[in-house]
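Student: I have a new structure to look at, and I would like to learn how to read it. Could you walk me through a few features?

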Amino acid sequence: MRIEGATALVTGARRGIGLAFAQALLDHGAATVYAGVRDPSTTSVGDARLIPLALDVTDPAQVAAAAEQVGDALIVINNSGVQSGVGLFEGDLDGARREMEVNYFGTWSVSRAFAPVLARNGGGALVNMLSVASWRARVPAVGYAASKSAEWALTNALRTGLRDQGTLVVGVHVGYVDTEFVTDIDAPKVTAESVAAQTIDAILHDRPEVLADEPARTVKAALSYRVQGDPTADIPD
C-alpha cells in the first residue's frame, strides 16, 4: 500500500520506537503524522513535523476523540506499551493489570475505534507493536509476556476481522531495542530506526509480519517445537 501523501497516527510516539515510527512515516512521504501522547501541553514529541495528539489508550473518551479528529487516517500504528517488571512470584499484580490495560485492551480499543475510519479511507494499514515475549515466557516479566501474548492473539483476530475491508494488519515482533528502557540489560539490541524501517517496508509491500531481529526469527521458528521447559525440547528457556 502507499505511504506517500497519507495521514497516519502513531500511539506512544513521544520517544523510542514510537518516535522512530513517526519519523520514518514522514521520511517516506506521509503528508500528516499525528503523535499520540498523554498530555501534549506538557510533552514534546521531539520532531516539529509531528502533530501532537492527546491520546491515553486506556481512556475511551480520548480514543473516540482521536478517531474523530484523525478521520482521514490511512495508517494507524499501535505502539503504546508499558512494562512493570512484575515477576512470577514477586511484584504488585496491579502492575500486571496495568500492562494488560495498556498493551492489550488499549490496542484493542484503538483498533476498534479506527477500524471504520480505515474502511472509509479504502482499507489502509493497522500495525501492532508486539514482542518476542509474545511467544516466549520469561519469569522476571511474566505480566508483560502475558499482555503481549494476548496482543498477538488480538492481532491475528484483527487480521481476520478486517480482511474484507481491505485493511493490512501487521504484527511487529522484536527482542531488545536500544532505548532508554533497556540500558541496564547486557544483550544484543537493534535500533528503533531499524524496527521502524522494517515496518515501513512491510507496509509498502503488504507483508503481515515483521521479525525485526534474530531472537524474533529464532523463537518464531521454534513455535513448532515441544513444550518450553520440557528437558528434551530444543528451544531455550
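Predicted model: local features only at pLDDT ≥ 70, side-chain atom pairs only at ≥ 80, totals over all residues.

Tutor: Gladly! Let us begin with a pair of strands: E2 and strand E3 (residues 51-54) run parallel and are joined by 4 bridges.

Student: Is E2 mostly covered or mostly open?

Tutor: Mostly covered: 5 of the 6 residues of E2 are buried.

Student: Which strand runs parallel to E1, with 4 bridges to E2?

Tutor: That is a pairing between E1 and strand E2 (residues 32-37) themselves, parallel and joined by 4 bridges. You can look for Val10, which stands opposite Ala35 in E2, and for Thr7, whose bridge partner in E2 is Thr32.

Student: How does the chain get from E1 to E2?

Tutor: The path goes through helix H1 (residues 16-27), making a β-α-β crossover that is right-handed.

Student: What else does E1 pair with?

Tutor: E1 is also joined by 4 bridges to strand E4 (residues 73-78), and these two strands run parallel. Here Thr7 stands opposite Ala73 in E4.

Student: Which way do the residues of E1 point?

Tutor: Look along strand E1 (residues 7-10): Thr7 and Leu9 point one way, while Ala8 and Val10 point the other way. Residues on both sides are buried.

Student: Now a single residue, please. Is Gly16 buried, partly exposed or exposed?

Tutor: To answer that, we compare its relative accessible area with two cut-offs: buried is under 20% and exposed is over 50%. Gly16 has a relative accessible area of 30%, so Gly16 is partly exposed. You will find Gly16 in helix H1, and among residues more than four places away in sequence, Gly16 touches Thr179 and Ala192.

Student: Where is Asp213?

Tutor: Asp213 lies in the loop between strand E7 (209-211) and helix H6 (214-221).

Student: What does the side chain of Asp213 reach?

Tutor: It reaches the backbone nitrogen of Gly175, at 2.8 Å. Leaving aside residues up to four places away in sequence, Asp213 touches Val174, Gly175, Tyr176 and Val190.

How values were computed
Residues numbered from 1 in each chain as written. Heavy atoms only, no water. Polar contact = N/O pair within 3.5 Å; in protein donor to acceptor, adjacent residues only side chain to side chain. Contact = heavy atoms within 4.5 Å. Buried < 20%, exposed > 50% of the residue type's maximum accessible area, 1.4 Å probe, protein only. Pairing = 2+ DSSP bridges. Right-handed = clockwise from strand over helix to strand, strands pointing away.
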